[in-house]
Amino acid sequence: MATEQSFVDYVAEVAGLGSRLTHKKMFGEYALYLDGKVVAFACDNSLYIKPSKAVAALAPDLPQGPPYPGAKDYPIADELLDDPEALRRLLEDTAALMPLPKPKKPKA
């Protein structure tokens, strides 16, 4: 089942990060970016956070599952949609630990 745009809009609203939190549609699902860094995926209308030390410190009890067939397990942060401050902090701390994306090579 593909993720609905309304779910991604809801996540962005709850997180309260304004234009810092963006998304890109990929194969019917979404990658969520904070300050240009991938921090989460919206798949099957669930929120999957990139595994990191931030998750281990802030939300170690989140359930785990693969966001798509063949993927490794990711923390599923659906329960944090009821706690905007916890979600915002988890996304910000995750972004702080993620590397900047590699620049795209210029087309020849």
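Student: Is serine 46 buried or exposed?
Tutor: The model is predicted. Serine 46 lies in strand 4, residues 46-49. A residue counts as buried under 20% relative accessible area. Serine 46 has a relative accessible area of 14%, so serine 46 is buried.

Student: With which side chain does the side chain of serine 46 make a polar contact?
Tutor: Leaving aside neighbours within four places in sequence, serine 46 is in contact with Phe7, Phe41, Ile76 and Asp78. The polar contact is between side chains, at 2.8 Å, and the partner of serine 46 is aspartate 78.

Student: What is the relative accessible area of leucine 34?
Tutor: Leucine 34 is placed in strand 2, residues 29-34. Not counting residues up to four places away in sequence, leucine 34 touches Leu17, Arg20, Leu21, Val39, Leu91, Glu92 and Ala95. Leucine 34 is buried, and its relative accessible area is 0%.

Student: What separates the C-alpha atoms of leucine 34 and arginine 20?
Tutor: Arg20 is among the residues that leucine 34 touches. Along the chain, leucine 34 and arginine 20 are 14 residues apart. Their C-alpha atoms are separated by 5.5 Å.

Student: Which residue in strand 2 stands opposite lysine 25?
Tutor: Strand 1, residues 21-26, pairs with strand 2 in the antiparallel sense, over six bridges. In strand 2, the residue opposite lysine 25 is tyrosine 30.

Student: Which residue takes a positive phi in the hairpin of strand 1 and strand 2?
Tutor: The hairpin has two residues between the strands. The positive phi there is near 55°, and the residue that takes it is phenylalanine 27.

Methods
Residues numbered from 1 in each chain as written. Predicted model: local features only at pLDDT ≥ 70, side-chain atom pairs only at ≥ 80, totals over all residues. Heavy atoms only, no water. Helix = DSSP H or I, 4+ residues; strand = E, 2+ residues; numbered from the N terminus. Buried < 20%, exposed > 50% of the residue type's maximum accessible area, 1.4 Å probe, protein only. Polar contact = N/O pair within 3.5 Å; in protein donor to acceptor, adjacent residues only side chain to side chain. Contact = heavy atoms within 4.5 Å. Pairing = 2+ DSSP bridges.
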